[in-house]
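Dear colleague,

I am passing on the structure we spoke about, together with my notes on it. Please read them with the model open beside you.

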Amino acid sequence: MVSIIIPAYNVQEYFRECLESVLAQSFHDIEVVIVNDGSTDNTRRIAEEFMMSDSRVTLINQENGGMSVARNVGLEQSCGDLIMFVDSDDCLLPGAISNLVEVLESTGSDIAIGGFSYARHVTAASNNPVYTISPRDAVETILYQTKHSAFNNSVSGKIYRRCIIGQERFTPGLYFEDIDFFYRVFMRAGVIGVTESVVYFYRATPGSIMHVFSPKRADVLEITRRIELYFNNDPQLLAAAQDRRLSANFNIFALISCQPDRDKYKQISADCWDVIKKYRILALMNNNVRLKNKVGALLSYFGKTVFSILSRLNK
């Protein structure tokens with residue numbers, strides 16, 4: 001059985017479409033564990049409607065604790081040998097679950113990953129190539145942020161064997177919790193199966209923390225520092241982790257530079273600049289680093305003020 005864990009908080013606008021996409025899957029041996037994280041809109045009522053009409057749906061109501069807490073509760077309360085995470089404003093494409101389960105079974109892998117789409121109506125093509133990749137190579141590809149829709153740090157668009165997740169959990173109170181989680185679980189796997197079929201629709205909602213600046217976004221600086229420490233004794237993955245950390249510091253520094261109240265965040269900005277100066281030469285010497293980071297590294301040599309101005313011009 002596949003346990004599909006769906007944390008939900010104030011998503012009444014998109015929630016019904018999300019649940020319909022899950023329950024309409026051709027793979028029927030599922031349980032849908034909705035964790036209503038203290039919603040104050042109609043999210044709970046919508047969940048109750050689906051629970052009443054489909055016995056595969058379970059609803060857990062709790063006080064607001066955040067995405068990490070809700071996912072952890074879903075993990076503890078679910079029963080399936082296979083685990084999937086779906087965000088409540090996203091959707092599964094038709095055939096997504098059966099496609100990913102087939103990848104697990106045909107490759108003997110511990111994790112199966114599929115493609116992402118940022119467009120709602122996409123044909124979920126079948127007979128796309130299926131292959132395997134080592135956990136190390138998968139983590140390296142994701143850290144270098146290679147342009148491939150299947151290789152991303154999101155926990156969604158994937159199926160995990162519960163035994164591979166083990167006791168790994170999401171860190172409560174942390175934003176960008178997926179980045180903090182993915183590499184710890186991937187490195188527990190024996191082999192990872194990949195399908196190039198698109199299985200998951202990611203909705204870029206206007207108010208998402210991914211698309212507006214907030215001091216909460218600075219969590220990514222600590223997360224990428226942890227990743228670097230995690231791979232400290234692994235030269236191959238350490239280089240990838242350092243590039244991911246550089247990328248995070250570029251991003252936060254640029255975002256702060258574009259804020260009218262940027263003086264409030266001077267210390268964060270200064271810390272980012274220190275990391276940029278520390279790792280820019282490594283980026284320029286590493287053939288695996290994407291062009292965007294190499295350009296940023298090169299431009300940083302013109303100095304902090306010039307780099308800040310360029311960040312504002314490119315806003």
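Predicted model: local features only at pLDDT ≥ 70, side-chain atom pairs only at ≥ 80, totals over all residues.

Where in the chain is the place of tyrosine 301? Tyrosine 301 sits in the loop that runs between helix H11 (291–300) and helix H12 (304–313), where helices (H or I, at least four residues) and strands (E, at least two) are DSSP runs numbered from the N terminus. Residues are numbered from 1 along each chain as its sequence is written, and side-chain values use heavy atoms, with hydrogens and water left out.

**Surface patch**

With 43% relative accessibility, tyrosine 301 counts as partly exposed, given that buried means under 20% relative accessible area, exposed over 50%, and partly exposed in between (1.4 Å probe, protein chains only). Together with Ile281, Leu282, Leu284, Met285 and Leu298, Tyr301 makes a nonpolar surface patch of about 580 Å². Patches consist of residues with over 30% relative accessible area and no salt bridge, like charges being joined within 9 Å and nonpolar side chains (Val, Leu, Ile, Met, Phe, Trp, Tyr) within 5 Å; the areas come from the Shrake-Rupley method with a 1.4 Å probe, and for residues only the protein chains shown count as cover. Helix H10 (residues 266–285) gives the largest share of the nonpolar patch, four residues.

**Cores**

In soluble globular proteins, nonpolar side chains tend to be buried together. Here the largest nonpolar core has 55 residues, and those with the most contacts inside it are Phe85, Ile111, Phe186 and Ile192; such a core is a set of buried Ala, Val, Leu, Ile, Met, Phe, Trp, Tyr and Cys residues joined through side-chain atoms within 4.5 Å. Helix H9 (residues 235–257) supplies the largest share of this core, 10 residues. A second, separate core of 34 residues includes Ile34, Leu59, Leu104 and Ile159. Leaving aside neighbours within four places in sequence, isoleucine 111 is in contact (heavy atoms within 4.5 Å) with residues including Leu104, Ile159, Phe186 and Ile192.

**Helix H1**

The buried residues of helix H1 (residues 15–23), namely Phe15, Cys18, Leu19, Ser21, Val22 and Leu23, pack against strand S1 (2–8), strand S2 (30–37), helix H2 (43–53), strand S3 (57–62) and strand S5 (91–92). Glutamate 20 is also found in helix H1, but is partly exposed, with a relative accessible area of 43%. The C-alpha atoms of glutamate 20 and cysteine 91 are separated by 8.4 Å, although these residues are 71 residues apart along the chain.

**Aromatic pairs**

The structure holds 14 aromatic pairs, in which rings of Phe, Tyr and Trp (its six-membered ring) have centres within 6.5 Å, with planes under 30 degrees apart counted as stacked, over 60 as edge-to-face and the rest as tilted. Phenylalanine 182 and phenylalanine 186 form an edge-to-face pair, 5.6 Å centre to centre and with 85 degrees between the planes; both are buried, and both lie in helix H7 (residues 177–186), four residues apart. Phenylalanine 253 and phenylalanine 307 form a tilted pair, at 5.7 Å and 50 degrees, which links distant parts of the chain, with phenylalanine 253 in helix H9 and phenylalanine 307 in helix H12, 54 residues apart. Ring pairs also link Phe182, Tyr183, Phe186, Tyr230 and Phe231 into a cluster.

**Salt bridges**

A search of the whole structure finds 18 salt bridges, each being a side-chain nitrogen of Lys or Arg within 4 Å of a carboxyl oxygen of Asp or Glu. Arginine 71 forms one with glutamate 177, the closest N and O atoms being 3.4 Å apart; because arginine 71 lies in helix H3 (residues 67–77) and glutamate 177 in helix H7, the pair ties together parts that are 106 residues apart in sequence. Arginine 71 is buried, with a relative accessible area of 1%, and glutamate 177 is buried at 12%. Arginine 45 and glutamate 49 form another, with closest N and O atoms 2.5 Å apart, and are separated by about one helical turn because they are four residues apart in helix H2. Finally, Glu168, Asp180, Arg184, Glu222, Arg225 and Arg226 are linked in a network of salt bridges.

With best wishes
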